[in-house]
Amino acid sequence: MFKNFKFRPKKNTRYVLSLDGGGVRAIAALVFLKHLEIESGKKIADIFDLFIGTSAGGINALNIGGLGMNAADLERFWSAENLTKTMSKSFWDSASFLQSKPKYDGVGKREVFSKYFKDLSLGESDKHVAVLAYDVEQRKPRLLSSYGTPGIKMLSAASATSAAPIYYSTFEIDDGSWLIDGGIVANNPSLLGYSEAKKLFPKDRIKVLSIGTGINRRKINGKHSSKWGALNWFNHDILGIMLESSIFDEIASDLIGSDYLRVNSPTGLVNRRMDDNSEVNLERIHLMGMDWWKEFGAQTKDFLNP
């Protein structure tokens, strides 16, 4: 698209990459980032100064900012084999919300994380990186970062930020805190990333590239919903509604202005379920990421090279 695109950061400008949560739909972001790497000739880790993410977006942030992964490395991380392992041993007999245990036991997920993050701590990250979680005992958001909580293990940070209620159990990190997925606070952590960057780089201009995981626009029948109980609401994506991030996008646009660029779209044919790793759905997610590049690629180039 832009063969002559060479990333030349402007002096006194810092770049933040913010990545939404959304389960397997986060793969669309890495498709977009792969095109950015190809066009720029640089690793994503070398373009941005701070990486922040929630849930699956937090895992991507840790892989890029913490381990220095390029897009090809990320594709291998999100392989069909690893996805199957992270979602192994379901306790649910009929995908019912009314079960006594989380949907997955989390053993396979921790095995995958251990393979990549090993025993590394956040303080050993290649770049500044932060992920959002929620402390269930203190009842408050918790930011785990390379600069604020350097002693926390990357494996713990990845496990905590992706401990989505219903799907995975609450996770105890290294300091004894019990955390769950930060998506219940801010599935789009752009504003938090902007605030953190202001603290890290107080004299610099801050620009935030925010990548979503698709917006579910399927209509809900209001009259029918007035009669729903817990199970019906669950079957109609109550968790997705709770994680809706469009309001954060609007606020970020108002506060940050032209220094904020959002990449996202309706999910279309992509399954709203965060754990649909079927071949058909993964292909649809891949196509969504490619469509994003077609729609937002030129804007991203201009955004990074003002």
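**View 1. The lining of the largest cavity divides into 14 nonpolar, five polar and three charged residues.** Here Ala, Val, Leu, Ile, Met, Phe, Trp, Tyr, Cys and Pro count as nonpolar, Asp, Glu, Lys and Arg as charged, and the others, Gly among them, as polar. The model shown in every view is predicted, so that local features need a pLDDT of at least 70 and side-chain atom pairs count only at pLDDT 80 or more, while totals for chains, interfaces and linings use all residues. Residues are numbered from 1 along each chain as its sequence is written, and side-chain values use heavy atoms, with hydrogens and water left out. A cavity is a set of points, on a 1 Å grid over the protein atoms alone, where a 1.4 Å probe fits but cannot get out, and its lining residues have an atom within 4 Å of a point. Helices α3 (56-66), α5 (80-86) and α6 each supply at least two residues of the lining; helices (H or I, at least four residues) and strands (E, at least two) are DSSP runs numbered from the N terminus.

**View 2. The second largest cavity has a volume of about 50 Å³.** Its lining consists of Asp-105, Gly-106, Lys-109, Arg-110, Ser-159, Ala-163, Tyr-168, Ser-169 and Phe-171, a set that divides into three nonpolar, three polar and three charged residues.

**View 3. The second largest pocket holds about 230 Å³ of space.** The elements that give two or more residues to the lining of this pocket are α1 (27-40), α4 (71-77) and α14 (279-304), and α14 provides the largest share, four residues. A pocket, unlike a cavity, is an open set of points with protein on both sides within 12 Å along at least five of seven lines. The residues that line the second largest pocket are Ile-27, Leu-30, Val-31, Leu-74, Glu-75, Trp-78, Ser-79, Ala-80, Glu-279, Leu-282, Glu-283 and His-286, and they divide into seven nonpolar, two polar and three charged.

**View 4. The largest nonpolar core has 64 residues, and Leu-17, Ile-44, Phe-48 and Ile-211 have the most contacts inside it.** The largest share of this core, eight residues, comes from α14. A nonpolar core is a set of buried Ala, Val, Leu, Ile, Met, Phe, Trp, Tyr and Cys residues joined through side-chain atoms within 4.5 Å, where buried means under 20% relative accessible area, exposed over 50%, and partly exposed in between (1.4 Å probe, protein chains only). When its neighbours within four places in sequence are left aside, Ile-211 is in contact (heavy atoms within 4.5 Å) with Leu-17, Ser-18, Leu-19, Asp-20, Ala-29, Phe-32, Leu-33, Arg-262, Val-263 and Trp-292. Apart from this core lies another, of eleven residues, among them Phe-201, Ile-206, Val-208 and Ile-256.

**View 5. Helix α7 is mostly covered, with eight of its eight residues buried.** Ala-160 has its place in this helix, which spans residues 154-161, and is buried, with a relative accessible area of 0%. Apart from neighbours within four places in sequence, Ala-160 is in contact with Ala-133, Leu-144, Phe-171, Ile-173, Leu-179, Ile-180 and Asp-181. Ala-160 and Gly-58 are 102 residues apart in sequence, and their C-alpha atoms lie 9.7 Å apart in space.

**View 6. Thr-54, in strand β2 (residues 50-54), and Ser-125, in the loop between α6 (107-117) and β3 (128-135), have side chains that reach backbone oxygens.** Thr-54 is buried at a relative accessible area of 0%, and its side chain reaches the backbone oxygen of Ala-186 at 3.0 Å. Ser-125 counts as buried because its relative accessibility is 13%, and its side chain reaches the backbone oxygen of Leu-122 at 2.7 Å. Not counting residues up to four places away in sequence, Ser-125 touches Gly-65, Gly-66, Ser-146 and Met-154.

**View 7. Lys-118 has a positive phi of about 50 degrees and Ile-166 one of about 85 degrees, although neither is a glycine.** Lys-118 is placed in the loop between α6 and β3 and counts as exposed, at 57% relative accessibility. Ile-166 is placed in the loop between α7 and β5 (171-172) and counts as partly exposed, at 26% relative accessibility.

Definitions and conventions
Polar contact = N/O pair within 3.5 Å; in protein donor to acceptor, adjacent residues only side chain to side chain. Points joined across faces, edges and corners; volume = space filled by probe spheres on them.
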